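Please look over the two-chain model below before reading the points that follow. They are set out as a colleague's notes, for someone who has not seen it before.

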Amino acid sequence: MGAYGRPVAGRDGLAVLDADEIRRALTRIAHEILERTHGGDELVLLGIPTRGVPLARRLAARIGEFEGLEVPCGSLDVTMHRDDLRLRPARALGRTDLPRSGVDGKTVVLVDDVLYSGRTVRAALDALTDLGRPRAVQLAVLVDRGHRELPIRADYVGKNLPTSQREVVHVLLAEVDARDTVMISDEGGPS
Amino acid sequence: MKRHLISAADLSRGDALLILDTAAELASLADRPIKKLPTLRGRTVVNLFFEDSTRTRISFEAAAKRLSADVINFSAKGSSVAKGESLKDTALTLEAMGADAVVIRHSASGAAHRLAGWVRGSVVNAGDGTHEHPTQALLDAFTIRRRLRATAGRGSGLDGIRVTIVGDVLHSRVARSNVLLLSILGAEVTLAAPPTLLPLAVDTWPCAVSYDLDTELPKSDVVMMLRVQQERMTAAYFPSVREYSRRYGLDAARMARLPDHAIVMHPGPMNRGVEIAAEVADSARSMIVEQVANGVTTRMAVLYLLLGGTEFPAVAS
């Protein structure tokens, strides 16, 4: 990492979104969610661990600011529903934490950082089915990098980012990584 | 994690904490409308029980089923074992059926270890003779952490918690596994038992030893009562059950000497009136029912971590 925590092109990869751009993208998504759900009626936000969870919380806070309502917000771990479990050693589980109101009859917006193959979202849809029956399920992502392997699309996108499959997209968020930025690099991550 | 779970000593502190953290996440499953996960679909778990057991076998069965594995129950009674089939031949039969994991309970110490050399799947020791019962220790550690470290997050151990294990240590696989695991997790373990019921090499165990229960009680956060295993006793280890009960049994008067936050545990099955009085077993401090519930979650975590990922590479032997 370069001085002052700023990413350096070439070594850490290229920064494609900075903190202000992430903030503006989330503000726009929050407004879009309000529009599409008629003012956030029966809305529940569920973040997919790890970085979908702080994103969901930020969206809930924004929506709360705009409309003065408290949006139920939780997390949904999809590990046990993944289709690639046998390709890697068993991994630690994330947290599933549903708001007390549950998901039955609600409009659930799944929140994740990057949309890529679509397999995580498929696993999330399966996991959600076991938890209840939402009225509708929508998807919000900070970055859509393409290369879908399943018929899945996002309803709300922070930034469409054309990538090559060789590249790696890193979303860093202050809650987890101490700063906000989205970077793209050739294989391997920032050290 | 290693491929098999034979002894609590197979686990590093990191492995043990991973199991406890996984179990903590799986515990929320009990409150959900659908208590089942698809994770081990298509995997086969064989419960191979050569010794009687209710809670352990049911617990493993429930754990495997909640993860969608196929479960084959095998009990020695009514099987070819009754006709004299050896453990090895039974193991080869299971191997031919394609078991991904074998959960074994056997009256001979070391049976699980031998079995691990004969089958390709993972072997989970569900109690071998007087040797070990690692999943019982894991569920006990999980119960202790849940009760006494409720606010601590993931990755926290049992550092500084004082656990007193009381009674028939000599015949107890639960005691050995607990001493090993609890000390790996940072707890301070004391064994309180009559000298005749302590194993020979107990001075090499990572724990303290006391012959006097009453002096240990006021400084204990956890008291774990062991069953007096009369079926394994081949000699007279104490003059009478009544005398044993008077000196090492946990009754209401003794329970009153415990600190207010302390909990009472028992791996079951209990001899009410011998090592534990009925009023203690049914008191609010007793974790006995909770231990059973936690057993399912902890065993789910173990099965998931052994079977949920890539297959372990074949071991050259």
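**Notes on the model**

1. A:His38 sits in the loop between H1 and S2 of chain A; helices (H or I, at least four residues) and strands (E, at least two) are DSSP runs, numbered from the N terminus. Although A:His38 is not a glycine, its phi is positive, about 55°. A:His38 is exposed, with 10 other C-beta atoms within 10 Å. For these classes, a residue is buried if 20 or more other C-beta atoms lie within 10 Å of its own, exposed if 12 or fewer, and partly exposed in between, with C-beta atoms placed from the backbone.

2. This is a predicted model, in which local features need pLDDT of at least 70 and side-chain atom pairs count only at pLDDT 80 or more, while totals for chains, interfaces and linings use all residues. Residues are numbered from 1 along each chain as its sequence is written, and chains are lettered from A and ligands numbered from 1 in the order in which they are written.

3. The pLDDT, the predictor's confidence in each residue from 0 to 100, averages 91 in chain A, where 92% of the residues score at least 70. Residues 1-7 of chain A are below 50, and beyond near neighbours in sequence this stretch has twelve contacts in the model. Two residues are in contact if their C-beta atoms, placed from the backbone, lie within 7 Å. Where pLDDT is low, the predicted coordinates should not be read in detail.

4. Chain A has four helices and eight strands, in the order β-α-β-α-β-β-α-β-β-β-α-β along the sequence. Its radius of gyration is 16 Å, in agreement with the value near 16 Å for a compact globule of 191 residues; the radius is taken over C-alpha atoms, and the globule rule is 2.2 Å times the number of residues to the power 0.38. Of the 191 residues of chain A, 41% count as buried.

5. How do H1 and H2 of chain A cross? The axes of H1 (residues 19-36) and H2 (residues 52-67) of chain A come within 9 Å and cross at roughly 65°; axes are lines fitted to C-alpha atoms, for helices over the stretch in contact, and angles run from 0 to 180 degrees between N-to-C directions. Residues meeting across this pair include A:Leu26 and A:Ile33 in H1(A), and A:Leu59 and A:Phe66 in H2(A). By class, the contact has eight nonpolar, one polar and three charged residues. Here Ala, Val, Leu, Ile, Met, Phe, Trp, Tyr, Cys and Pro count as nonpolar, Asp, Glu, Lys and Arg as charged, and the others, Gly among them, as polar.

6. Chain B has eleven helices and nine strands. The radius of gyration of chain B is 19 Å, close to the 20 Å of the globule rule for 317 residues, so chain B is as compact as a globular protein of that length. Of its 317 residues, 47% count as buried.

7. Chain A and chain B each give 16 residues to the contact between them. On the side of chain A that touches chain B, the residues divide into eight nonpolar, three polar and five charged.

8. Two cis peptide bonds deserve a look. One joins A:Pro49 and A:Thr50, with omega about 5°, and A:Thr50 is in the loop between strand S2 (43-47) and H2 of chain A. Another joins B:Gly268 and B:Pro269, with omega about -10°.
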